[in-house]
Each structure stands twice: as structure tokens, then as C-alpha cells.
Protein chains: 2
Amino acid sequence: MDTRTGLPVVGMVGGGQLARMTHQAAISLGQSLRVLAATPEDGAALVATDVRIGDHTDLAALQAFAKDCDVVTFDHEHVPTEHVRALAAAGTAVYPGADALCYAQDKRAMRERLGALGAPVPRWAPVPAPAEVAAFAAEAGWPVVLKGIRGGYDGRGVWLVSTVDEARSVVDSGIPLLVEERVPLRRELAVQVARSPFGQVAVYPVVQTVQQAGICVEVLAPAPGLPADLAVEAQELAVRIASALDVVGLLAVELFETDAGLVVNELAMRPHNAGHWTIEGARTSQFEQHLRAVLDYPLGATEPTAPAVAMANVLGGPAGGMSLDERLHHLFAADPGARVHLYGKQVRPGRKIGHVTVPGADLADVRRRARRAARWLREGT
Amino acid sequence: MDTRTGLPVVGMVGGGQLARMTHQAAISLGQSLRVLAATPEDGAALVATDVRIGDHTDLAALQAFAKDCDVVTFDHEHVPTEHVRALAAAGTAVYPGADALCYAQDKRAMRERLGALGAPVPRWAPVPAPAEVAAFAAEAGWPVVLKGIRGGYDGRGVWLVSTVDEARSVVDSGIPLLVEERVPLRRELAVQVARSPFGQVAVYPVVQTVQQAGICVEVLAPAPGLPADLAVEAQELAVRIASALDVVGLLAVELFETDAGLVVNELAMRPHNAGHWTIEGARTSQFEQHLRAVLDYPLGATEPTAPAVAMANVLGGPAGGMSLDERLHHLFAADPGARVHLYGKQVRPGRKIGHVTVPGADLADVRRRARRAARWLREGT
């Protein structure tokens with residue numbers, strides 16, 4: 001409890017853009033987010049008052065951070081499960097808890113658990129050795145997908161392989177892996193649900209996510225042309241997973257839409273890139289919703305605020321050319337309705353440095369404008 | 001310029017809720033607001049990284065603060081004009097500048113300037129002595145309004161007097177005064193316009209403001225039932241005043257609607273309580289717009305995002321009863337669509353501690369909900 005305001009203190013482990021935007025939401029709730037950042041240059045550390053610098057794998061740093069927090073939550077999934085358990089055992093409210101978080105940290109555990117729940121998942125198998133990849137591919141067909149069991153994101157930790165030799169070079173790296181069929185997908189979807197300790201759930205509209213080289217570049221909300229029964233199925237699936245896994249906070253379920261129906265790809269238990277559109281596009285942003293969920297506040301309305309919303313990520317472009325400040329001038333002159341979110345990061349090629357959201361009446365229009373805005377901020381043209 | 005991000009640094013003098021909400025907007029633009037706060041407990045000082053503590057009447061403190069700011073602007077109008085001039089003379093970009101700000105600081109200068117512009121103002125006169133009040137009232141009729149020329153807000157510095165004796169007791173206090181007719185008003189309106197150094201202007205929809213005991217308690221956007229020609233007249237008037245006075249940043253024009261048309265009541269050159277609804281209710285919030293204006297960025301779209309928006313201020317209630325945190329729980333349970341903004345202030349009776357905005361389709365509905373939400377946060381019932 002913050003004795004000056006009588007309002008709770010939420011601590012977030014990790015100081016990236018998710019923490020940065022959660023701090024913005026915390027301010028409206030009368031709070032100031034406490035952030036455990038890796039460096040003083042982290043996006044959230046540049047804008048929040050109450051920043052501690054420490055390593056998220058250092059139990060002592062986590063314990064010192066958690067002291068006097070009413071709730072501890074996460075901007076990423078990289079805190080070791082045993083540290084999460086240690087914090088909880090010492091009396092800290094940690095959400096999501098270790099028994100939920102482990103499924104977002106370990107893809108093998110996640111696949112097994114989802115399978116046991118009867119949720120639709122790709123065909124998969126553990127990979128002790130290259131021979132298992134060949135045996136799996138003999139049934140599922142080449143190419144197959146190898147995934148690191150822990151730690152991958154934004155396309156890292158995923159390999160598409162077409163032969164045993166290609167598989168061997170990945171297996172020989174020593175990374176614990178699983179193998180999955182290459183799902184013949186129409187497109188990728190995502191659905192977010194918030195869940196509180198009390199068990200209340202609030203689900204957002206299903207969105208379409210567009211990836212390039214494994215990185216999300218665009219989100220369309222709601223997913224255009226999605227049949228109502230599939231949308232309801234996706235939302236019910238997300239609620240079922242959140243409840244079964246006892247997730248507290250936000251759960252993002254990344255889905256493949258295939259000719260045979262929906263297939264679960266990944267889970268994330270925190271605010272997620274697929275939900276950045278909610279800042280302007282939904283009545284309650286995913287960041288406020290995450291805070292409300294982990295604080296056991298009643299959840300906010302998730303209705304969209306516009307018929308169509310497009311979000312485009314801004315990736316760092318090549319060095320040189322116009323400064324980011326100049327690019328911002330030009331973008332604002334070109335599109336007074338584009339909503340810009342910059343993360344305070346040094347620009348590096350391919351790095352997510354911000355996003356742009358355009359809400360409006362017509363999907364084709366908002367999509368074109370969001371893409372153009374992101375390209376402008378990236379390339380200055 | 002912030003060398004870590006390559007983006008500009010805006011310094012705001014004053015650490016109240018306007019600076020607090022401007023910091024939220026600055027974060028989206030990749031910035032972190034630099035704040036000169038009076039105390040570490042100021043609302044903005046609780047949430048911003050880059051906070052200096054100092055007195056806004058202390059020139060040395062202002063000069064130290066302005067160092068390395070790309071632009072200096074204000075959360076209130078109480079910085080002495082001569083200090084604003086000194087900063088500008090030393091090369092700091094200060095917006096609004098002293099030649100504009102003086103009209104928001106000095107009601108006599110404002111009345112004279114607006115009269116010279118041909119803007120509709122109440123009948124008024126300077127008050128060197130009680131005899132002038134009597135002479136003015138002989139023409140305008142009792143009661144009349146005495147106003148302190150400098151420093152009043154939220155009903156402070158305003159006296160309604162019905163006799164010469166009542167006028168004398170105010171005049172004898174030694175406060176420099178002017179006297180105005182008591183305008184027979186239908187209601188109060190406000191219109192906000194942003195203006196950049198380049199001269200670009202962007203005007204928001206005209207709103208109705210509802211006062212109680214001189215304090216704004218409610219804002220309805222757009223002003224219900226306002227004839228289109230009056231709305232355009234109000235917007236044109238605001239643009240004309242902003243341009244004539246060379247205002248940079250946001251200008252709020254508070255208006256009386258009378259049977260004979262519009263009359264200008266007050267000017268404010270900063271984000272304003274009458275514009276809090278824009279956070280959710282307009283495409284670009286007044287806080288981002290103020291930053292864009294003082295940075296000479298192209299201005300953002302001002303279209304409303306919903307057909308009707310109601311904003312209700314949360315005033316501090318009597319001591320005792322439920323904590324603010326408990327009240328928040330109950331409010332969120334009762335209305336998942338209410339948007340809450342708390343300012344991190346200690347609760348004191350009558351003090352503005354936050355506001356609630358409800359956007360929606362129907363004015364009667366959103367007004368009822370915003371009022372109920374504000375009452376709940378104030379009284380816990």
C-alpha cells in the first residue's frame with residue numbers, strides 16, 4: 001500500500017514496453033508502477049518514478065523488489081519458476097502464479113496440458129534425438145517445425161527443417177526441443193482474456209495477427225471476416241484455458257485458423273503485442289485490465305470503441321536518414337488521426353521501437369494508414 | 001533533446017494533475033515529462049522520473065529547470081510574467097509566451113484586450129474604490145461580481161455583492177479588483193483550441209460545463225442541444241483569440257451562453273478541466289495536443305470518439321468510511337465502462353482528487369453514470 005495515496009502498489013518484473021505502457025495505465029488508477037528493470041535505459045525505467053535495477057534471475061533482487069509490493073507481476077516470462085514459487089512461499093501475491101506461468105515458460109508442458117484439456121493443438125512430439133524427428137516427419141510429412149522448449153519469442157527458437165540433416169544441426173546445438181507438424185494455416189488469430197483471483201473473466205474480441213519472419217507486424221481488430229461461431233469458439237477456448245490453468249492477469253492465446261478449425265499455437269500470460277490496439281480500440285486497455293485482474297478489482301468493459309482498428313508495429317530501420325523526431329513530424333502532418341506509441345528505445349534494425357494504432361470505420365482504410373505510418377516511422381519515406 | 005532517445009524534452013512548471021496526465025501523454029510520444037513540482041507529493045511527482053523540486057516564483061529554480069529543456073510550458077498560470085520573459089530572453093522556448101500568458105494572468109488586461117478585439121465580454125470596469133462599484137451597479141444593476149485581477153480559480157477570487165457595503169468589505173481587503181455585471185446566463189460552455197508556433201490551429205467540439213459553488217463538477221461533450229451556428233461561432237471565437245494573442249499550446253475559452261448570444265468569461269492557456277473528456281472522448285487528448293502544439297508538431301485530430309461523453313469531477317468527501325481503494329472496487333463492479341482517473345492526492349473535502357469519464361451513445365445515460373461514479377468515489381455510497 002502506498003501510504004501517501006492509500007492505493008495498492010503493483011510491482012512488475014521487467015522494464016520493457018509492456019511495463020512502460022502498464023505504468024501509463026497505473027497512473028489513471030491513482031498508482032505508480034514499481035518496476036524491476038535490467039538497466040536504467042529500459043523503456044519503463046525512463047518514465048517511471050519507482051524503478052529498481054536488478055536481474056530477474058537473481059532471487060535476492062526479486063525478494064528485495066517484492067518487499068512492500070501488494071502484488072508482483074511480469075512484463076515477460078523469463079523469471080525462473082522456482083523463484084516465483086519462493087516469492088509466493090514467502091507471502092508475496094504473485095500473479096500469474098508459478099503453477100500457471102510454467103505453461104507459458106515450457107512449451108512441452110503447455111502442449112501436454114492443452115492436450116489433456118482437449119484443446120486443439122498441432123501434432124507434436126518431444127525430441128530426444130534426430131531419429132525422433134525423422135519418425136515424426138514420416139507420419140506428419142516434411143517440413144516440420146522444431147521449437148526450443150523454453151525462452152523463444154519473436155521467431156527466435158523456431159526452426160523449419162526439411163531433412164534429417166537440417167534437424168540434426170539444430171538438435172546438436174543441445175537446446176531442449178519439441179517437433180511439431182507444419183500447420184496448413186489460413187491465417188493467425190489471437191484472443192486475450194483477463195482473469196482475476198476471484199475467478200471473474202473478461203474476454204476481448206478475436207483479432208488477426210500478421211507476422212513477417214516470425215515477428216508480429218500488424219494486428220486487425222476484430223479479425224476481418226471471422227465467422228461468428230469461430231469467434232465464439234476462440235473466446236470460449238481462451239476462457240477455458242485461463243480457468244483450467246488458474247491464470248491470473250492477462251492470457252493471450254495465439255491461434256492458427258485452418259480448414260479444419262482452430263489450433264492453439266502459443267500462450268502468453270501478460271499484456272501482449274496482439275492487444276496494443278486496445279489502448280484506443282477497446283473501452284478498457286489490456287494494460288489497465290491486467291492491473292485490475294492482478295489486484296482483484298472487478299474487470300473493465302472490453303467492447304471495441306470503433307468498427308475497425310489496425311495496429312502496426314514500428315521496427316527499427318536502417319541507420320542514417322531523418323531522425324525519429326523528424327519522422328514523427330512528417331507522420332503527424334500526413335495523418336492527424338494516427339495514434340503513436342514510442343517505447344524510448346535506441347533504434348536498431350528489426351527491433352520493435354513502437355507501434356501505431358488507427359481506429360476508424362473501414363478496415364481497408366485503417367489498415368492502409370497504420371501500415372503507411374509504421375513504414376514512415378521506420379524508413380522516413 | 002534526450003540523447004538516449006533522440007526525442008525532445010518538455011519541461012512543465014507545476015506538478016499537479018495536469019502535469020500528471022501530460023506525463024501519460026508524453027510517454028506515448030517517446031518522451032518523459034520533466035516536472036518542476038512544489039513538493040515530492042505533487043500528483044505528477046509521484047509518477048514521473050524526471051522531477052525537480054522548486055518554487056515556481058523562484059527565478060533561479062526556473063532557470064535551473066529550463067536548462068536542457070527543449071520547451072518549457074505550464075500546468076498553471078502562476079509563474080510571474082517577468083520570470084517568463086527572463087527565461088525567453090535567455091534563449092529558452094517558453095510556450096505560451098509572456099505576451100500571451102499575461103492575458104490569462106491578469107483579468108483586467110484580458111478584458112481590455114478582448115474588448116479591443118471585438119470579442120463579446122461582460123460589461124466591466126476597474127475598481128479603484130467602492131464608489132466605482134456603486135456607479136457601475138447604478139447602470140448594470142445589483143448584484144454585481146467583483147473579481148480579483150490575478151490568481152483566482154475554482155471560485156476563489158470571485159465575490160457576488162449586492163450592496164456598496166458588501167463591496168467595500170472586499171475592496172478594503174486590498175486585492176486589486178474589477179467589477180462585472182452578473183451575466184444572465186442560460187448555461188456555461190467551454191471551447192478549447194490548440195495552436196502551434198507555426199500557426200496551425202485545431203479546435204475541439206464545444207462542451208457544456210456545470211459548476212457548483214464555483215467549481216466545475218461536470219462536463220458534457222458535445223454541449224447538448226447547442227445550435228450549430230452558435231457552436232461554430234464559439235469555435236471561431238476561440239481560434240480568433242488564440243491567433244490574436246499569439247497563444248502557443250492549448251487555450252480554453254470559458255463562455256456564458258445568454259439569450260443575447262455568447263459572452264467570454266475566462267481564458268486559460270494550458271490543458272483544462274473542461275478537456276479531461278478528450279482522453280477517451282476525442283481522437284487526440286488535450287494533453288498530447290498541448291505537447292504537440294508546444295513542440296511545433298503537426299496537431300492531432302479532434303473528432304469525438306463517441307456520440308456523447310460525460311466527465312464528472314471527483315471531489316474529496318468527508319473523512320471516514322470506506323477507503324478509496326474499496327470505493328474503486330465497488331465502482332468497477334457497478335460500472336465496467338466507467339473510465340477512472342485518480343490524481344494521487346490526499347483526500348480533503350472539496351479537493352479535486354480525480355475524475356470519471358463515460359463515453360457512450362446516449363447523453364442521459366452517460367451523464368447519469370458519470371455522476372453516480374463520481375458520487376461513489378466521493379462518498380462510498
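Colleague: Is Thr22(A) buried or exposed?

Modeller: Thr22(A) is buried, because 27 other C-beta atoms lie within 10 Å; a residue is called buried when 20 or more other C-beta atoms lie within 10 Å of its own, exposed when 12 or fewer do, and partly exposed in between, with C-beta atoms placed from the backbone. This is a predicted model, in which local features need pLDDT of at least 70, side-chain atom pairs count only at pLDDT 80 or more, and totals for chains, interfaces and linings use all residues. Residues are numbered from 1 along each chain as its sequence is written, while chains are lettered from A and ligands numbered from 1 in the order in which they are written.

Colleague: Where does Thr22(A) sit, and what is it in contact with?

Modeller: Thr22(A) belongs to helix α1 of chain A, where helices (H or I, at least four residues) and strands (E, at least two) are DSSP runs numbered from the N terminus. Leaving aside neighbours within four places in sequence, Thr22(A) is in contact with Met12(A), Leu33(A), Pro271(A), Phe287(A), His290(A) and Leu291(A), a contact being two residues whose C-beta atoms, placed from the backbone, lie within 7 Å.

Colleague: And how far is Thr22(A) from Asp75(A)?

Modeller: Their C-alpha atoms are 9.0 Å apart in space, although the two residues are 53 apart in sequence.

Colleague: Which domains does chain A have?

Modeller: The domain assignment, which is an automatic or database one, gives domain 1 (10-94), domain 2 (123-181) and domain 3 (185-379) of chain A. Domain 1 of chain A gives 20 residues to its contact with domain 3 of chain A, which gives 15. On the domain 1 side, the largest share, 9 residues, comes from α1(A).

Colleague: Changing topic, how many residues does each chain put into the contact between A and B?

Modeller: Chain B gives 39 residues and chain A gives 39 residues. On the side of chain B that touches chain A, the elements giving two or more residues are α1 (17-28), α11 (324-334) and β16 (339-342) of chain B, and α11(B) has the largest share, 6 residues.

Colleague: What confidence scores come with the model?

Modeller: The model has ipTM 0.96 and pTM 0.97. For chain A, the mean pLDDT (the predictor's confidence in each residue, from 0 to 100) is 95, and 99% of its residues reach 70 or more.
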